[in-house]
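Work through the two exercises below with the sequence and the structure at hand. Each task is followed by a solution in steps.

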Amino acid sequence: DWAARIQEHRRRRPASWPTVETTDLPSALTALNGPALVDSLGAWLVALLDRLDAWDQPVAQWRGRLDDEVSALVSTWSTCRGPVVVSGTTTTRSTFE
């Protein structure tokens, strides 16, 4: 079950690893003082699509806001003071028209 997997993942983390669980990835990256592991970028994207109500709206209503959010993340990421490693899920590529 998913909740048990998350608990096991948390239990295995070394105590010296600070952990931030958030969907506000740009703010978390801004606050970094060293290396980070983003687990997972896909979860951030799903949370963003949820917030934009993208699942039930035409692409034209949310695409610009999605582009702005992704651009803000890329901009923030490029200024990080330490390395950022990202995990993600394997997906097929889709294009929004």
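**Exercise 1.** Describe the largest pocket by its volume, its lining and its centre.

Step 1. The largest pocket holds about 1300 Å³ of space. A pocket here is an open set of points on a 1 Å grid over the protein atoms alone where a 1.4 Å probe fits, with protein on both sides within 12 Å along at least five of seven lines; its volume is the space filled by probe spheres set on the points.

Step 2. The lining numbers 30 residues, and R13, V20, L37, V38 and D39 are the closest to the centre. A lining residue has an atom within 4 Å of a point.

Step 3. Sorted by class, the lining has 17 nonpolar, seven polar and six charged residues.

Step 4. Helix 1 (2-12), helix 2, strand 1 and helix 3 each supply at least two lining residues. Helix 1 gives the most, with six. Helices (H or I, at least four residues) and strands (E, at least two) are DSSP runs.

The model is predicted: local features need pLDDT of at least 70, side-chain atom pairs count only at pLDDT 80 or more, and totals for chains, interfaces and linings use all residues. Residues are numbered from 1 along each chain as its sequence is written, and side-chain values use heavy atoms, leaving out hydrogens and water.

**Exercise 2.** State the confidence of the model, overall and by element.

Step 1. Mean pLDDT (the predictor's confidence in each residue, from 0 to 100) is 83 for the protein, and 89% of its residues reach 70 or more.

Step 2. Confidence is lowest in helix 1, at a mean of 79, and highest in helix 4, at 94.

Conventions
Nonpolar A, V, L, I, M, F, W, Y, C, P; charged D, E, K, R; others polar.
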